[in-house]
Amino acid sequence: MAEALLALSGVSKAFGGLKAVQDVSLAVPEGSLTGLIGPNGAGKTTLFALMSGFLRPDAGTVRFGGRDVTGLAPHLAARAGMTRTFQIVQPFAAQTVRENVAVGAHLHERRRTAALAAAESVCARVGLAAQLDKPAADLTVAGRKRLELARALATRPRLLLLDEVLAGLNPQEIAEMLPVVRGIAADGVTVLMIEHVMQAVMNLAAHVWVLAQGRLIAEGTPAEVTSDARVVEAYLGHGTAARLLARAGAAPAGQGAA
Amino acid sequence: MRDAVGIAAFAAAIVALTAWLESGVWLTFLMMTLYGALLAQSWNLLGGFGGQFSFGHALFFGTGAYVQAIAQVGHGANPWLALPLAVLAAAAVGAFVGALSFRYGLKGSYFALVTLAFAEVFRILALSVGFTGGGVGLMVPLREGAANMQFGSRKGYVLLVLGFVVAALAVTAWLRRSRFGARLQAVRDNEDAARAVGVDPFATKLGAIVLSGGFMGAAGAFYVQVFQYVDPAIAFGPHTSVEALVAAIVGGMGTLWGPLLGAFALHALADLTRNLFGQLPGLNMVIYGTVLVLIVMFVPRGLAGGGASVRDAWRSARRSAGHRDG
Amino acid sequence: MLSFDVLFPSVLNGLTTGAVYALVALGLTLIYGVLHIVNFAHGASLMVALYAVYLLKTRAGIDPYAALPLVVAGMFAFGYALQRVVINRASHGKDENILLVTLGVAIVLENLALMMFKSDTRTIDTAVTLATVPIGPAMLALPKAIAFAGALACCAVLLWIVGRTDLGRAIRAVAKEKQGARLMGIDVEHVYAMSFGIGLACLGAAACFLLPAYYVNPQVGGGFVLVAFTIVVLGGMGSFAGALLGGLLIGVVESIGGLFLGESLGQIGIFAIFIAVLLLRPQGLFGSRV
């Protein structure tokens, strides 16, 4: 494996007095399925925005596919192969599911018919085949999450940045979504997911970064990271690490930390 | 392709109607309705499909009108040659205003205000500058003949404006099934989401305002040919701006037939009230304003859009009565 | 052209007009700050107030300065009703809808006036119409001097209302945090309507000071709306200090512009500023980042 597909070096961003992201460096290997976790307000979504060009870093660089893309406009980042989804889903409400996804497909398809056909096949992959002609505004939360995913997938990205694609889903919906994400990664798309649902992170991610208060506090495999005392403290507060360690033997597999 | 068939049928129907009609009153009504439709269609390209509401669309209308007039009066050009110049000039002004506004991310009320300001600036300039005839305006000399785009009977003008309307319909239909149109509507519905999937909002909106401006310029040129006169108030005043946007909204923004429907409804209403109450200055606009408020209050998707939502509601009611699904 | 004797009266005139502009802009910025709507009907509403002042003088013989309480109360009621009955109902909460509704209201008001009064320009004569007041080397028309003082006084009253009264506190609460205010028991709909009413009441006061020195016809609204927006955008949407300062500034710019370029071309200066601010610094002088 040569240079990482996505490499952040010393990226920082402050809003007025608030240091949202402080000196974050990480490298996402090509073809990997990795996770970005951390308590609420840690700066994870801000980091995605900095990666994909929605925000310009105050310091540091972002390299994608060997190119410096720091501050590159989002649509150009997408054209380079980096597509992000949004934590708060952003459908094109007035349009149907098919039309929504077709906008993504148009990145590579010039003709309408080809884009609509591509949209159809992407929707089938994520389980939206039955809802192709429904207006996006009529979808359930789970449906909208799938739509968000499908639209991003239709751009045929090299790197897919998924921002809490499982948030708001019930356990069954999560169970249905996990294989979809795994399938996407298996097809060769590099995936970096922000997630709070620990079940997903433990199940899917090969490598995890932990962000707290804008700083990278730990990284490693899911098992390594979730048993890291600093990580537990970041999520659950001072002193919890010791308590959890004491219970670790008796309790079943973790259900979700945040 | 359903749209193409519909447009062709519409064109054929109007041509037949024009051939059959003899009454000057009806022909004038037909002409003014089509003219109103052209205004509304132009606005619809940027406002309905692009989601950028312009309150000063007369800016492009007036540019086209003045270029058409000045080319003939000042330079003796043939109106058929002046026409493409008028359209290009209006499109260029569109590019200028669009580049400035969208480069700086103006949207919503701010964009509406900027277009209003530009229209006012142009109006003041037209008042103050010599080659526009100043406040007196410009009068295009009467020189009848098709070669001179001045027709003896209204029929010629109806066919001329029909040509523009059909062109606008074709462009609108193209927006509905092209990549550019899909991107434009994506930017309208959610700019950030559009950017995330590779759509360049600036280029897209710029394209829309250029198209919109161009058609408005054609409408301006047409006006000059019909009325053979233009002055700053007519060219850049609020009347044309308002007519364009009210008809588009009443008819249904972002639809193919909405602007036509809206123009027809408004003109029919205006004629009706004129018959009932006489020619009162201002009455038309009171009606336009009231209709605008009522439509926004009760049928925000407009007549065509409202029709679509009624049809959808009917369909989904039947579907859920038949079998339960998500 | 640049001699003090010529510039000074021009600046003076500009300041007096500017004070009235400031009052108009204050109403607009209050409405924006609280309801977050851009009131396109502001200019047309001023026109309505001007006609009200005109009619009170010509039909009832009431002097505009004496009519102040009446016109202010009337405009307040008009504004309250307009917001409660029309604007609120029509908007369905969407910003674009509000834009269109206020535009529609403006169109209706302007053209109703056209129907009722024709497009003639009308003026009134008052006891003070021809009087002048010497200020330095210039002779300032008394109506303008009164306008200056009166408008600034009204601005002060408005600022006092918003800053010191319970209503003002409620208004500020709703402007800052609507949901929180509602949870505190504040009737948000009522506050909205009150704010809109106060915004139009400012226009009532402005009209009383404006008409003796100016004129009215159905189209004046259009001109005022753009000037008012220029001021509000220049000063910063929602900023009172901005509206005050901006108003005076724009008044002077208009006056000086007219001096150098003639009356109609001079207006271009205002629009040039407007466009420049929108493009380069949309939050204006005192507004928060847009």
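The model is predicted.

## Sheet of chain A

Chain A has an open sheet of 4 strands. Their order is S2-S1-S4-S5, and the pairing is antiparallel. Strand S2 (18–28) and strand S5 (67–68) of chain A are the edge strands. Each of these two pairs on one side only. In general, strands of a sheet pair through backbone hydrogen bonds, either parallel or antiparallel.

Strand S1 (residues 6–15) and strand S4 (residues 59–64) of chain A run antiparallel and are joined by 5 bridges. A:Ser9 stands opposite A:Thr61, a residue of S4(A).

## Fold of chain B

Chain B has 14 helices and 2 strands. Its radius of gyration is 20 Å, close to the 20 Å that the globule rule gives for 326 residues, so chain B is as compact as a globular protein of that length. The C-alpha trace of chain B spans about 70 × 50 × 40 Å along its principal axes.

Of the 326 residues of chain B, 57% count as buried. Sequence separation in the contacts can also be stated. Take the contacts in chain B between residues at least 6 apart in sequence: 78% of them join residues at least 24 apart.

## B:Val296

Is B:Val296 buried or exposed? B:Val296 has 25 C-beta neighbours inside 10 Å, so it counts as buried; the cut-off for buried is 20 or more. This residue lies in helix H13 (residues 283–298) of chain B. B:Val296 and B:Ile249 are 47 residues apart in sequence. In space, the C-alpha atoms of B:Val296 and B:Ile249 are 8.3 Å apart.

Which residues does B:Val296 contact, leaving aside its neighbours within four places in sequence? They are C:Ala90, C:Asn97, C:Leu100 and C:Val101.

## Interface of chains C and B

In this interface, 33 residues of chain C are in contact with 35 residues of chain B. On the side of chain C that touches chain B, at least two residues each come from helix H3 (64–91), helix H4 (95–117), helix H9 (220–235) and helix H11 (263–280) of chain C. H4(C) gives the largest share, 15 residues. By class, this side of chain C has 23 nonpolar, 7 polar and 3 charged residues.

## Interface of chains A and B

Here 24 residues of chain A are in contact with 18 residues of chain B. The elements of chain A that give two or more residues to this side are helix H2 (74–80), strand S6 (82–84), helix H3 (97–105), helix H4 (112–126) and helix H5 (141–153). The largest share, 4 residues, comes from H2(A). By class, the side of chain A that touches chain B has 11 nonpolar, 8 polar and 5 charged residues.

Conventions
Residues numbered from 1 in each chain as written. Chains lettered and ligands numbered in written order. Predicted model: local features only at pLDDT ≥ 70, side-chain atom pairs only at ≥ 80, totals over all residues. Pairing = 2+ DSSP bridges. Contact = placed C-beta atoms within 7 Å. Nonpolar A, V, L, I, M, F, W, Y, C, P; charged D, E, K, R; others polar. Rg over C-alpha atoms; globule rule 2.2 N^0.38 Å. Buried ≥ 20, exposed ≤ 12 C-beta atoms within 10 Å, placed from the backbone.
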